[in-house]
Amino acid sequence: MAHVTHLPASSSASDIVAVIEERGAVIVDDFVSAEWLSQFNRAIQTSIDSYKPYDYGEPEAMEFLGYNTVRLNGLVSKADNYVELMLDERLLGVMDALLAPSCGQYLLNSSEIIEIHGGETAQELHVDDMIWPGHFWMPGRMLQCNSMVAGTDFTEANGATQVVPGSHLWEDPERTARPSEIARAVMSAGSIVFVGGKTLHGGGTNISGTARRAIVTSFVLGWLRTQENHFLHTTLEQAKTWSTRARQLLGYDLYSHYDDGLMACPLGYYEYGSPEVLFDESA
C-alpha cells in the first residue's frame with residue numbers, strides 16, 4: 001500500500017528536499033508550534049464563519065473545487081501571524097532548492113484555507129503545475145511547490161489529502177493512478193505536507209463530518225503570474241509593516257535575474273523602477 005514518507009520535526013530543509021525529489025511529497029511532523037497554530041486558527045475563524053460559497057459557474061469547476069469545501073485566499077490579510085509561516089526559514093529553504101535554480105526569485109503563489117466539511121467527495125487527482133501552459137512546454141521543470149499545514153488533524157475519514165508518491169517521475173503524463181498507488185497524507189495538526197508541482201494529489205472524501213482544515217502556502221517561479229492576486233488582498237499601508245523579504249515574496253519588488261543562464265529583463269515596474277521606492281522612508 002502506498003504511503004507518504006514522514007520526517008521528524010527536527011528535519012532540515014535539505015532532508016525535506018531529498019524526499020520531495022525522490023517521492024514527490026513528504027510530511028514533516030509538528031512543523032509549526034501549537035501556539036502559532038492556535039493563534040492562527042483563532043484569527044482565521046471569523047473569515048470562515050462568514051464564508052459564502054462561490055459560484056464557480058461550470059459544473060466541472062464546482063465538482064473540482066468542492067460543494068462542501070470552504071476556500072479562502074489572502075491569508076496575510078486575514079491572520080496577522082500568517083506572515084511568520086510564509087517566511088519560515090525551512091519552508092523557504094525548500095523553495096530555494098526546488099524553485100530558485102529556475103528563476104532566482106520566486107513568489108508566493110497562493111495562501112489558502114481549504115477546509116473540507118462532511119459529505120465532501122474526493123477531488124479529482126491532478127498536478128498543480130497544470131495551471132500554467134508552461135507545464136506542457138517544459139515538462140521537466142517544476143513551476144511551483146505546494147505546502148499544507150494541517151490546521152486540524154488529517155485523517156482518512158475527514159478528507160486527508162490523497163497523494164500519489166513517485167508520480168512526478170512518470171513518463172506518461174496521461175497515466176491513471178491505480179488504487180494501490182494512492183496514499184493518504186494522514187498527519188496531526190501542526191504537521192505539514194509538501195507536494196511538488198508535478199505530483200498527483202487531491203482532496204479526500206470526508207465521511208466523518210469533522211472539518212479538515214489545510215493552511216496552504218505555495219510558491220511559484222518569479223516569472224510566472226501568481227494564482228492569487230496579492231495586491232487586491234493587501235494594501236500599501238500593510239506592506240509598509242512587512243520586511244523587505246515579505247514584500248518581495250508578495251510581488252512588491254522588481255523581478256530581475258541575470259545569473260546562471262537565466263537572463264530576464266525586469267518585470268513589475270513601478271514608474272519604470274522598483275516598487276521598493278514606495279517603502280523608502282528617506283525618499
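Reply: **The aromatic rings**

Let's start with Tyr 51, which counts as buried because its relative accessibility is 17% (buried means under 20% relative accessible area, exposed over 50% and partly exposed in between, using a 1.4 Å probe and protein chains only). Tyr 54, at 41%, is partly exposed. This is a predicted model, where local features need pLDDT of at least 70 and side-chain atom pairs 80 or more, while totals for chains, interfaces and linings use all residues. Residues are numbered from 1 along each chain as its sequence is written, and side-chain values use heavy atoms, leaving out hydrogens and water.

There are eight aromatic pairs in the structure (rings of Phe, Tyr and Trp, the last by its six-membered ring, pair if their centres lie within 6.5 Å; planes under 30 degrees apart are stacked, over 60 edge-to-face and the rest tilted). One of them joins Tyr 51 to Tyr 54, edge-to-face, with 5.6 Å between centres and 80 degrees between planes. Tyr 106 belongs to strand E4 (residues 106–116) and Phe 219 to strand E10 (residues 212–221), so their pair ties together parts 113 residues apart in sequence (strands are DSSP runs of at least two residues, numbered from the N terminus). Both Tyr 106 and Phe 219 are buried.

Now look at Phe 231, Trp 242, Tyr 252 and Phe 279, which ring pairs link into a cluster. Over the ring of Phe 279 sits the charged end of Arg 247, 4.2 Å from the centre (this needs NZ of Lys or CZ of Arg within 6 Å of the ring centre and within 35 degrees of the ring normal). Elsewhere, Arg 175 lies over the face of Trp 170, 3.8 Å from the ring centre.

Methods
Helix = DSSP H or I, 4+ residues; strand = E, 2+ residues; numbered from the N terminus.
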